[in-house]
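Work through the exercises below with the sequence and the model side by side, and try each task before reading its solution.

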Amino acid sequence: MCFLLFFCEVENSHFLCCRDSNANILQKSLTFLCLFKASHVLDVKFNSSHDDFCFFEAKVKASMTRNKTYRTKVCQNKAGEVMSAQCTCKAGANGYCKHVGALLYAILDFSESDLVISTKG
């Protein structure tokens, strides 16, 4: 089954939603946002060296186990659509887990901020 992660707006707030290949919205979860807000997303790395895609990688702390982090990756096209995602947690093999969702909230937060990525060494 193929999943598409996207942000939807509900009552002026952004929520991460999941749509299956039949265009059914499966879930919108505050768990993703809570992980992000609790500072579980660490060491975000960004690579835009490809003309059509942006690659993000981060360590995301487990919500239930202390001192456990998962390696989480997201590939987005330049329009911001998630093309692929993966996580080293048990649920992350298909790219749809709360750690990927938390990374997507970190990406959204950065994109809405006034911060600029420096390319100078």
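Helices are DSSP runs of H or I with at least four residues, numbered from the N terminus. The model used here is predicted.

**Exercise 1.** Determine in which helix histidine 99 is found, whether histidine 99 counts as buried or exposed, and which residues histidine 99 touches.

*Solution.* Begin with the location: histidine 99 belongs to helix H2, which covers residues 98–111. Next, take the relative accessibility of histidine 99, which is 5%; because buried means under 20%, histidine 99 counts as buried. Finally, list its contacts, leaving aside residues up to four places away in sequence: histidine 99 touches Leu35, Val60, Lys61, Ala62, Tyr70, Thr72, Cys87 and Cys89.

**Exercise 2.** Find how many aromatic pairs the whole structure holds, and work out why the pair of phenylalanine 46 and phenylalanine 56 is classed as it is.

*Solution.* A search of the whole structure gives two aromatic pairs. In the pair of phenylalanine 46 and phenylalanine 56, the ring centres are 5.0 Å apart and the planes stand at 40 degrees, so the pair is tilted. Since phenylalanine 46 lies in strand S4 (residues 41–47) and phenylalanine 56 in strand S5 (residues 53–61), the pair ties together parts that are ten residues apart in sequence. As for accessibility, phenylalanine 46 is partly exposed at 37%, whereas phenylalanine 56, at 11%, counts as buried.

**Exercise 3.** Classify the pair formed by phenylalanine 53 and phenylalanine 55.

*Solution.* The ring centres of phenylalanine 53 and phenylalanine 55 lie 6.5 Å apart with their planes at 50 degrees, and therefore this pair is tilted. Phenylalanine 53 is partly exposed, with a relative accessible area of 24%, and phenylalanine 55 is partly exposed with 35%.

Definitions and conventions. Residues numbered from 1 in each chain as written. Predicted model: local features only at pLDDT ≥ 70, side-chain atom pairs only at ≥ 80, totals over all residues. Heavy atoms only, no water. Phe/Tyr/Trp six-rings, centres within 6.5 Å; stacked < 30°, edge-to-face > 60°. Helix = DSSP H or I, 4+ residues; strand = E, 2+ residues; numbered from the N terminus. Buried < 20%, exposed > 50% of the residue type's maximum accessible area, 1.4 Å probe, protein only. Contact = heavy atoms within 4.5 Å.
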